[in-house]
Amino acid sequence: MLQIRNIELHFGERALFNQISATIKRGEKVALVGRNGAGKSTLFKVINRELSVDAGDIQVSSNLTLGTLPQEVNFPDNVQVKEEAIKAFDQIKIIERKIEELGVMLETGNYSVGYSMERASQELSDFHEQLFLLGNNQIEGEVEKVLKGLGFNDDDLDKPINSFSGGWRMRVAMARLHLSAPDYLLLDEFTNHLDIESIIWLEQYLKDYAGAVVIISHDKLFMDRVCDRVLELELGKLYDYIGNYSAYKLQRAERMEKLEAAFANQQRVIEQKQRTIDRFMAKASKTKMAQSMQKQLDKIEKVEVPVTDQREWNLRFPKANRSAEVVVDCSNLQMSYPGKEVLKEVEWKLIRGEKVAFVGQNGQGKSTLAKLITGALQPTKGSVTVGASVQMAYYRQDETNYLDPNKTLLEEMEDAATDENRSKVRAILGAFLFSGEDVEKKIKVLSGGEKSRLAMAKTLLKPINW
């Protein structure tokens with residue numbers, strides 16, 4: 001099992017984790033929830049021992065393996081999809097070496113430090129089981145099965161990963177992680193890059209997964225369908241709920257209601273006793289009694305109600321000129337890449353005031369169409385005409401990659417601001433819940449959600465009407 005034991009972690013004066021503890025057993029499906037910046041991704045780093053803590057520790061049972069899917073993934077140039085996925089089975093060689101070492105111990109009776117015959121025998125059995133599950137003769141078929149389940153076709157398997165969009169690259173990382181079959185899967189905001197078909201496939205995959213799964217996600221429906229337990233990070237504390245996300249919301253509301261009632265009752269009792277103590281203290285004959293009552297009152301274990309961060313975004317878009325009636329006009333729009341036609345004879349107009357969603361499977365051309373409209377790409381054939389007085393903002397799929405990690409939030413905003421709105425930078429940051437000392441943080445220490453908020457805040461530095 002995996003145990004989080006009394007973890008404490010401070011960033012400056014802020015206690016990100018205040019003696020948090022939890023035990024996660026193999027086979028559990030757990031959702032880790034909390035507001036952006038609450039420490040969800042940081043807790044994953046602590047579990048993976050990528051980040052040290054001020055106090056407490058992480059304990060993982062012998063032979064249990066951890067696998068993590070981060071929010072952002074990078075691959076070497078020219079590595080192919082199938083080639084990367086097969087790397088998941090590199091651990092076979094590691095397991096085979098370990099089996100050989102344990103066999104020598106048992107044969108010679110010369111045990112390494114910390115080992116006994118019982119421990120060596122148990123580990124040998126565990127490793128043989130892992131090797132069977134990762135059977136070498138089934139590797140090729142299993143790799144293709146998982147990749148196709150995530151939406152790749154036969155022609156994709158030998159293509160360079162970096163020729164795919166960010167969403168598809170995330171799928172390769174996910175395939176490799178799943179194929180390595182760790183005892184604990186830690187998945188951080190992975191559904192952001194998946195289409196509906198892949199999410200449905202992944203839901204069933206994770207429900208059937210023999211190991212434990214801990215996910216960070218904002219997809220409430222996904223958490224409802226997959227998870228049977230919820231851990232909530234809130235202002236440095238970790239709260240444990242049994243059931244899916246919907247059950248957690250109900251239990252949390254009930255818990256808060258009971259805590260608030262208990263707190264109110266205790267406060268009434270304390271106030272009554274304090275009035276009695278104050279009255280007795282005024283009389284010399286009852287001073288000792290009052291002092292004794294005060295000591296008893298001071299020893300009462302106080303009921304604490306978590307102070308929930310109730311701040312909300314307060315967005316005010318800068319005023320912009322009225323755009324033309326036809327905001328954008330796509331005429332006979334075509335777009336092709338080597339060996340693949342993405343868009344064919346697209347005829348589409350966007351009329352002022354319309355709210356439109358581009359939907360479709362990954363790779364069908366949604367982001368390509370957006371890039372053609374913004375001018376980031378030029379069409380193979382046809383035209384895109386943007387209407388008069390249109391002031392456009394474009395939030396890309398990988399927008400956070402364009403933030404300078406070594407700048408502070410304030411520096412990033414001020415560098416993107418104009419002379420006219422530079423004085424409003426702090427107000428805009430405040431609207432996106434960055435206030436006080438937050439604006440002096442380096443971007444590299446922000447969570448994925450906080451980076452997204454900052455990138456969105458930058459779009460308000462200029463007037464937009466589309």
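Predicted model: local features only at pLDDT ≥ 70, side-chain atom pairs only at ≥ 80, totals over all residues.
Cysteines come first. A disulfide is a covalent bond between the sulfur atoms of two cysteines. The structure contains zero disulfides. Two cysteines illustrate the surroundings of such side chains. Cys 227 has a relative accessible area of 7%. Cys 330 has a relative accessible area of 0%. Buried means under 20%, so Cys 227 counts as buried. Cys 330 is buried as well.

Charged side chains were examined next. Side chains of opposite charge can pair when their charged atoms come close. Across the whole structure, the search returns 20 salt bridges. Three of these pairs are described here.

Glu 123 and Arg 119 form a salt bridge, with an N to O distance of 2.9 Å. Both residues belong to helix α4, which spans residues 117-133. They sit four residues apart, about one turn of the helix. The two partners have their own accessibility values. Glu 123 is buried, at a relative accessible area of 3%. Arg 119 is partly exposed, at 33%. The value for Arg 119 falls between the cut-offs of 20% and 50%, and therefore this residue is neither buried nor exposed.

A second pair joins Lys 148 and Asp 154. Their closest N and O atoms are 2.7 Å apart. Lys 148 is partly exposed, with 36% relative accessibility. Asp 154 reaches 52%. Exposed means over 50%, so Asp 154 counts as exposed.

Asp 240 and Arg 229 form a salt bridge, and their closest N and O atoms are 2.6 Å apart. This pair links distant parts of the chain. Asp 240 lies in strand β9, residues 237-242. Arg 229 lies in strand β8, residues 229-234. Asp 240 is partly exposed, with 44% relative accessibility. Arg 229 is buried, with 5%. The pair also belongs to a network. Glu 28, Arg 229 and Asp 240 are joined by salt bridges that share partners.

In brief, the model has zero disulfides and 20 salt bridges.

Key: Residues numbered from 1 in each chain as written. Heavy atoms only, no water. Disulfide = S-S within 2.5 Å. Buried < 20%, exposed > 50% of the residue type's maximum accessible area, 1.4 Å probe, protein only. Salt bridge = Lys/Arg side-chain N within 4 Å of Asp/Glu carboxyl O. Helix = DSSP H or I, 4+ residues; strand = E, 2+ residues; numbered from the N terminus.
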